[in-house]
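Hello,

Here is the structure for your files.

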Amino acid sequence: QLQASGGGLVEAGGSLRLSCSASGTFSNYHMGWFRQAPRKEREFVAAISRGGEVTFYADSVKGRFTCSRYNAMNTMYLQLNNLKPEDTAAYYCAASSTMISRVGRQYPYWGQGTQVTVSS
């Protein structure tokens, strides 16, 4: 079971930190962040390997967002810096025991979204 939190309303240029808490053997899972804005398709944001040694990002967030995890606390984080209005979306965390991927359908397990709204 996954639960995302930490969303909110922030001005452009501001920061937020999202958290994704998990039950089970968290260290067995590669994790991903995805987002979906109103009337748009879900898109990949970031992913991190089981041990945290590999991360990759969507080009649109590279250099502004940082994905990390703390396996001892069964938690993944997404630090969002220099936020832009186009980052406004519901952000979802997802887990896969088999592969790290940019593709949402590769993740069998999903949490509920946490809303990020960036005002201009």
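Cys67 counts as buried, because its relative accessibility is 4% and the cut-off for buried is under 20%. Please keep in mind that this is a predicted model.

The structure holds 1 disulfide, formed by Cys20 and Cys93 with an S to S distance of 2.2 Å. The two cysteines come from distant parts of the chain, 73 residues apart: Cys20 sits in strand S3 (residues 16-22) and Cys93 in strand S9 (residues 89-96). The torsion about the S-S bond of Cys20 and Cys93 is about 70 degrees, so this disulfide is right-handed. Cys20 and Cys93 are both buried. Cys67 takes part in no disulfide; the nearest cysteine sulfur belongs to Cys20 and is 9.3 Å away. A pair of cysteine sulfur atoms has to be within 2.5 Å to count as a disulfide, so that distance rules the pair out.

The serine is Ser49, found in the loop between strand S5 (43-48) and strand S6 (55-57). Is Ser49 buried or exposed? Its relative accessible area is 4%, so Ser49 is buried, given a cut-off of under 20%. A polar atom of the Ser49 side chain lies 3.3 Å from the backbone nitrogen of Glu53. Leaving aside residues up to four places away in sequence, Ser49 touches His30, Val54, Arg69 and Ile100.

Regards

How values were computed: Residues numbered from 1 in each chain as written. Predicted model: local features only at pLDDT ≥ 70, side-chain atom pairs only at ≥ 80, totals over all residues. Heavy atoms only, no water. Helix = DSSP H or I, 4+ residues; strand = E, 2+ residues; numbered from the N terminus. Buried < 20%, exposed > 50% of the residue type's maximum accessible area, 1.4 Å probe, protein only. Polar contact = N/O pair within 3.5 Å; in protein donor to acceptor, adjacent residues only side chain to side chain. Contact = heavy atoms within 4.5 Å.
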